[in-house]
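Dear colleague,

My notes on it come after the sequence and coordinates.

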Amino acid sequence: MSNLRILLIGNGGREHALAWKLSQSDRVESIFAVPGNGGTASCSKVSNVTSVSADNFPALVEFAQSNGVNLVVPGPEAPLVDGVEGFFRAAGIPCFGPSKEAARLEGSKTYSKDFMKKYNVPTAAYENFSDFDKAVSYIDSINHDVVIKATGLAAGKGVIIPQTKDEAKAALKQIMVDKEFGTAGSEVVIEELLLGDELSVLTFCDGYSIRSLPLAQDHKRIFDGDQGPNTGGMGCYAPTNIATKELVERIDREILEPTILGMRREKQPFHGVLFTGLMITAAGPKVLEYNVRFGDPETQTVLPLLSAETDLAEIMLACTGGYLDNCSITIQDKFSATVVLAAGGYPGSYAKGTPMTVAEPPVGSTIFHAGTKLDGQQLQTSGGRVIAINSVGDSLRSAVDASYAALANNVIQFEGMFFRKDIAHRAFRAANKESMTYAQAGVDIQAGNDFVEKIKKAVASTKRAGADAEIGGFGGEVDLSAAGYPNAPVIVGAIDGVGTKLMIAQNMKKHDTVGIDLVAMNVNDLIVQGATPLMFLDYYGCSKLDLASAAAFVEGVADGCRQAGCALVGGETAEMPGMYQGEDYDAAGCAVGAVTDDARLPKLANMIEGDILLGLGSNGVHSNGFSLVRRIVQSAGLGYTDAAPWDQSKSVGESLLTPTRIYVKTLLPILKDIKGLAHITGGGLLENVPRMLPDSLTAEINFGSWQMPPVFQWLKAAGNVTPVEMCRTFNSGIGMVIAVDASKAAAVASALGDAGEPVSTLGRLIKRTEGQAGCVIQNLERWQ
C-alpha cells in the first residue's frame, strides 16, 4: 500500500481535528491544509498552503497533481455543494465527499425535504415556495408553529423561527423580497416546528454500507442556559445520555438506511460522511436537516472517541472505494466534551488579530484551533469561534470537568475570550431526575409560553374599541374612554391561582395564608401596570364543601384585600364530586383596578440605557415553583411537620406557607417617579423582567446584589438545581423589580425603605444586541 499525501480543504476547528486524527495514521506521509489555521500549522505532518485558493478547483487539482496527492478531504460544505468532488474524480484522485448531485442534500433545503418525503424518512411537515404571495397565504392558512428556511446555502444563517404570523411574514419578506441571503432565498421551505431533544449523528458511507459515530449534542446558543442568539456551536458532548441502543437502532432503521438506499435509487450514491440533525420527538426521531460533511464542533468531540488503532485515513479511502464493510472502526468506552472559546462580541461584531497564548494541555485534553492564524511567530485570533478544548474521560462529568479545569489553569488566553460554562448541562440535569428541573417536576415554562403564542390569534379576534385583545403582559386592559365612556379611566384586570402550594396547605390543614397568596398574585399584577386595585372576586372549587377550611381560606382572601386596599365584592363556590377527591380544593381569583391613561406602566418610550433596576425583597418562595419544591422536599426525606433545614424555628410546611408579599400600598406613592415594574412570578427573573422592557433594552442584573433568603440556598443544594434553573423557576429573593431613571433611583429607594420594603440595587438597563436575551444575570456562576 502506498503512502498517503492528503489535501485537506478548510481552515476551521473541524479541519484541525481532521488533520490531528489523520496525522496519526501510519499510512499518512503528509497533509496539505488549504489554507489551514494556526493549529494545523503546528500539527504533525501538516503544512499550511496559501498559494492556492480553496475555491479555485482547477488550481487545487493542479496543486494535487504537482504534489502527489492521492486523497482529497474537503472540510466545509461549500466546495462539495459546488462540485469539487467531480473535479478530482475527473483527475483520477479519490475525494472523500459526495458528488455535486448528492451534495444537494445540504445545498438545497427543497431537494432534501422532497427527498425525505419520497423515501418516507420521518421529518417535519413542510411546503416549498418560490412565490412570496403564496408563501404568505400559506402562513395565514395554518395554525401550527413553523420554521422558515432559505433553501440554498446561507452560511448557517438562513433559518428563522418566528414567534407570530407577523414575524413569519416579515421573515419571508427578508428572505424572498429583500434577498438578505442572496440567491439562497429564491425559494423557501416552511416547515412545522418540532419539539424535543436535538441530537446529531455523523455517519460514514460508501454508497452501500454505513458506520455511525456516537450520537452527540451541541450547544447552539451563545449564553449559559441556552439563552441568546444562535451560533455555529459553543460546545458539544458525546455520547448523549438518551442514546439508548433502541434509539440508535431506530435511527439506523428509519432514517439512515432509507436515506442511503434512496440516494442509490436516485442514481447518486452517497460517499463520504453524512451529518444528520435529529429531533427526538414524542413520536420518535425526525430529521431536521442533512449536512454532507463533518459537523463543527461535533467533529472535535467524536473523533477523540475513536481508538488509537482506528485509522481515519483508511476509513476515508474505504468510503471512496466502496469497501467500508471491510474497515475496522472501534469506539472507546469513554465520554468526550468540547468547550468552544469565542471572541468577545460574537456572534455579533468582534475583534480580529488579538494576540493569543496557548499552552500544552494536560493529558487527556486536546486543543483544536478554529479562528486562529500565525503572524510570524505570534498566534492571533482571526474568527468568531476562535479555539476549543476537548477532553475525554471515563465519565461525562470527568470529561467536562477536565476541560473546564484546563481553562481555569489558563491553557488558553486572549483578551475578550468568552465561553459557556454549562456544556452538557442537559445531560447532568437528566441524570438527577428526582429534583433537578421544574419541567421534570411536571411543569414546563416553555410549554406555557408556547401556549400563549398558540392562542394569540383566537384572542386577537375578540378585539373591540378600547381593548387590543393582546395577551402576554401582566394584566389585561380596557380603555373606557375609547370604549365609549368619555373621560373614564383605563380598567385593568388580572386573573391567577395559587397552584400546587395548595397541596401543602391541605397537608398542614392551614388555609388562611393561601387566601392571601391568591390576592397577592393578582393585585401585584395590577400595580405593575400602574393600576390601583379596586375589587376582587374569588372562585373556590371542591368535592364537598368543608366549612372550616373554606371559611379560613376566604378569611385569608379578605386579609389580602385589606392589605391591597381593594374590596372583596363576590365569588363562586362550586361543589363537584368526582372532579376533586377527598378534601382537595382549587382556587382562582380576579382583581380589577383602574389607572389614568397618562399613568399607565410600563413607560416603554421613556426607558433608556443606564436606567437603574431596583429590587424589592420577597417573603420566600411566594406562590410559584411549588411542583419542584414539593419534589425536592420529598427527595430530601422531609415531612411538612419536620423542622425546616433553612429555618429551625419553623416547620417545613409553616415556612413554605409564608404568604406572597403584597407590594401595592408601598408602590402606589412612588408610581409617578418610575418607568416600569415586573412582578417576579413563574419564570423567575429571566422570564418576567423582560416583560416590562422595550425590545431595544436588556436588563443587566448583578448576582449577589441582593440578600438571598436561606430557603433558596437550601432548595438549590438539596435539589442540585442549576443557578439558571433557579432564576427561571423561582423569584430567588426578589418579588418585584423596578426600572427608574438613574437621577431618581436614590430617592425612590429611600422612600421604599422608609415604607418598610427591603430594597436592593440590582443593576441597570443596557442596549440589547440582536438576539440577546431580555434579562442577563451577571456572575450567576458564583452561586455555589
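This is a predicted model: local features need pLDDT of at least 70, side-chain atom pairs count only at pLDDT 80 or more; totals for chains, interfaces and linings use all residues.

Residues are numbered from 1 along each chain as its sequence is written, and side-chain values use heavy atoms, with hydrogens and water left out.

Nonpolar cores

A nonpolar core is here a set of buried Ala, Val, Leu, Ile, Met, Phe, Trp, Tyr and Cys residues joined through side-chain atoms within 4.5 Å. Buried stands for under 20% relative accessible area, exposed for over 50%, and partly exposed for values in between (1.4 Å probe, protein chains only). The largest such core has 93 residues, and the members touching the most others are Leu656, Leu667, Leu677, Val689, Leu715 and Val737. Helix H16 (residues 512-527) contributes the most to this core, with 8 residues. Another core lies apart from it and has 44 residues, including Phe57, Val61, Val201 and Val292. Helices (H or I, at least four residues) and strands (E, at least two) are DSSP runs, numbered from the N terminus.

With contact taken as heavy atoms within 4.5 Å, Val689 meets Ala678, Ile680, Ala699, Ile701, Val737 and Cys775, neighbours within four places in sequence being left aside.

Helix H22

In helix H22 (residues 710-719), the buried residues are Val711, Phe712, Trp714, Leu715, Lys716 and Gly719. They pack against helix H18 (626-635), helix H19 (652-656) and helix H23 (723-729).

Strand S26

Strand S26 (residues 532-542) supplies 3 residues, the largest share, to a nonpolar patch. The patch consists of Leu534, Met535, Leu537 and Val569, with about 310 Å² of accessible area together. Patch residues have over 30% relative accessible area and no salt bridge, with like charges joined within 9 Å and nonpolar side chains (Val, Leu, Ile, Met, Phe, Trp, Tyr) within 5 Å. A salt bridge is a side-chain nitrogen of Lys or Arg within 4 Å of a carboxyl oxygen of Asp or Glu. Accessible areas come from the Shrake-Rupley method with a 1.4 Å probe, and for residues only the protein chains shown count as cover.

Beyond four places in sequence, Asp538 touches Leu518, Val554, Val557, Leu568, Gly570, Gly571, Glu572, Ala588 and Gly589.

Cysteines

Taking a disulfide as a pair of cysteine sulfur atoms within 2.5 Å, the count is 0. Cys319 is in none, and the nearest cysteine sulfur, that of Cys205, is 6.8 Å away. Cys319 is buried, with a relative accessible area of 0%. Cys327 is buried as well, at 13%, and its sulfur is 7.5 Å from the closest cysteine sulfur, in Cys319, which is too far for a bond.

Backbone

Cis peptide bonds, with omega about 0°, join Val34 to Pro35 and Leu601 to Pro602. Pro35 belongs to strand S2 (residues 28-35), while Pro602 is in the loop between strand S28 (585-595) and strand S29 (612-617).

Lys267 has a positive phi of about 65° without being a glycine. Lys267 sits in the loop between helix H9 (245-265) and strand S15 (271-281), and is exposed at 77% relative accessibility.

Yours sincerely
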